[in-house]
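Student: Could you show me how to read the features of a model like this one, taking them one at a time?
Tutor: Gladly; let us look at it together.

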Amino acid sequence: MSSEIQKVHLRTKGILPVQKLRVLANAGIISHADGYPLQDDQFQPNSIDLRLGEKAYRVRCSFLPEDESVDQKLDKLSQYEFSITDGAILEPNCVYIIPLLEELHLPSHISPQKTLFNGNENGVDYQIVSGEHLSAKANPKSTTGRLDVFTRVITDYSHRFEEIRSGYKGRMYLEVVPKSFPIKIKTGHRLNQLRIRHGYTVLSDQDILRTHSSDPLLFTEGGSPVDVDELKVNNGLFLSVNLHASEGKIVGYKAKKHRDYIDLDNIDYYEVSEFWEPIYHQPDDHLILEPEAFYIFASKERCRIPEYLAAEMIAYDTGSGELRTHYAGFFDSGFGGRVEDKGARAVLEVRSHDVPFLIEDGQTFCSMKFEPNTEVPKFVYGDDIKSNYQGQELRLGKHFKQ
């Protein structure tokens with residue numbers, strides 16, 4: 001008896017939405033370790049959450065495999081390994097490599113409109129048909145960045161972090177470096193997420209301006225769409241930092257050093273004052289950042305991501321290297337709600353390197369890059385999927401009482 005054949009056509013370039021990610025999972029393109037089936041709540045509007053595996057390796061330094069597998073590099077650099085199935089604490093400024101529970105089996109590119117992959121799941125043959133590459137990009141989850149935990153995905157024989165080429169078949173590994181606080185992790189925790197692209201296309205500056213004119217992307221603090229003539233674009237849409245507030249109001253937070261560990265299982269649990277120093281509005285609306293200290297601020301503008309787009313926040317290159325903004329990158333479709341919801345502030349994770357660095361209210365801090373979805377996601381970011389940061393103002397991670 002022949003199996004049912006489900007043919008899936010990928011015709012438009014862009015980020016694959018949740019309904020297509022589920023198809024790829026059913027077809028085996030996204031797979032999982034034995035005993036750890038994919039969970040329904042791993043699937044987000046434009047991405048899938050990746051889970052930590054059963055063990056971690058403490059390594060001497062960060063690395064890229066280039067001409068070797070990750071396991072071969074671990075044989076050279078690992079100092080010791082330990083189980084995280086029942087939980088383990090990662091110490092600040094130590095480098096750990098953790099194999100993830102998910103694997104990728106991306107098809108290699110072949111001639112247009114030919115079958116890229118044949119998979120079988122539960123008696124159904126999946127036939128993926130496309131004329132473009134399927135590649136992947138990873139990024140830390142928002143909560144990970146707000147805890148000042150530096151993460152990036154590594155794959156075998158790769159010369160770049162976070163980017164996974166077409167045709168890659170194998171495991172994924174996560175480099176984890178807690179910076180400000182020790183953290184307690186365990187198998188199944190989700191520190192990062194993965195998007196899959198069909199081809200690659202980014203909205204040009206002209207596309208951004210046209211989109212904003214008809215479907216606003218940025219709003220003023222008062223909730224009005226920013227005038228299109230005032231948008232700052234240059235290979236992306238720029239956002240600025242907010243340091244202005246009424247007297248006595250908090251505009252940011254600075255991480256305290258030498259604190260107790262944070263258990264990632266504990267949500268809405270920790271007192272803010274135990275881990276963070278509040279930064280209050282100053283009359284002159286500026287602040288000098290201390291070298292290597294970690295700060296949380298909010299954007300001056302409020303932003304929203306229409307359902308047909310996905311966005312990624314990227315660090316603004318000051319040209320000098322002293323300032324690093326925004327570890328967490330992905331913004332899902334629906335972030336900031338509808339036009340009438342007037343958007344939400346982006347939270348900025350900031351560290352100054354080497355020297356004290358002056359920042360001022362309204363200073364350009366980061367850039368947002370937009371990519372189209374191949375189709376509108378079945379659901380978008382918001383209350384229906386218990387999104388943690390919809391409609392946010394300045395906000396710390398979900399582990400703190402707020």
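Student: How many aromatic pairs does a search of the whole structure find?

Tutor: The search finds 14 aromatic pairs. In one of them, the ring centres of phenylalanine 82 and tyrosine 96 are 6.1 Å apart and the ring planes stand at 90°, so this pair is edge-to-face, the term used for planes over 60 degrees apart. Phenylalanine 82 belongs to strand E6 (residues 78–83) and tyrosine 96 to strand E8 (residues 95–105), so that the pair links distant parts of the chain, 14 residues apart. Phenylalanine 82 is buried as well, with a relative accessible area of 19%, where buried means under 20%.

Student: Which parts does the pair of phenylalanine 181 and tryptophan 276 tie together?

Tutor: That pair is also described as edge-to-face, with 5.5 Å from centre to centre and 75° between the planes. Phenylalanine 181 lies in the loop between strand E14 (169–178) and E15, whereas tryptophan 276 is in strand E21 (residues 276–280), so the pair ties together parts that are 95 residues apart in sequence.

Student: Which residues of helix H4 are buried, and which are exposed on the face turned away from them?

Tutor: In helix H4 (residues 205–214), the buried residues are Ile208, Thr211 and His212. Seen down the axis of H4, these fall within an arc of 100°, so they line one face of the helix. The face turned away from that buried side carries the exposed residues Arg210, Ser213 and Ser214. Among the elements that cover the buried residues of H4 are strand E17 (218–219), strand E18 (237–242), strand E24 (309–315) and strand E29 (364–372).

Student: What should I make of a positive phi?

Tutor: Most residues other than glycine have a negative phi, which is the background for the next two cases. Asparagine 235, although not a glycine, has a positive phi of about 60°; this residue lies in the loop between E17 and E18 and is exposed, with a relative accessible area of 66%. Histidine 258 likewise has a positive phi of about 60°, lies in the loop between strand E19 (250–255) and E20, and is exposed at 77%.

Student: How many disulfides does a search of the whole structure find?

Tutor: The search finds zero disulfides. Cysteine 366, buried with a relative accessible area of 0%, has its closest cysteine sulfur in cysteine 303, 8.7 Å away, too far for a bond.

Student: Where is the pLDDT below 50?

Tutor: The chain averages a pLDDT of 89, and 90% of the residues score at least 70. Over residues 111–118, however, the pLDDT is below 50, although this stretch has 31 contacts in the model beyond near neighbours in sequence. Where pLDDT is low, the predicted coordinates should not be read in detail.

Notes:
Residues are numbered from 1 along each chain as its sequence is written. This is a predicted model: local features need pLDDT of at least 70, side-chain atom pairs count only at pLDDT 80 or more; totals for chains, interfaces and linings use all residues. Side-chain values use heavy atoms; hydrogens and water are left out. Buried means under 20% relative accessible area, exposed over 50%, partly exposed in between (1.4 Å probe, protein chains only). Helices (H or I, at least four residues) and strands (E, at least two) are DSSP runs, numbered from the N terminus. The arc is that of the directions from the helix axis to the C-beta atoms. Contact means heavy atoms within 4.5 Å. A disulfide is a pair of cysteine sulfur atoms within 2.5 Å. pLDDT is the predictor's confidence in each residue, from 0 to 100. Rings of Phe, Tyr and Trp (its six-membered ring) pair if their centres lie within 6.5 Å; planes under 30 degrees apart count as stacked, over 60 as edge-to-face and the rest as tilted.
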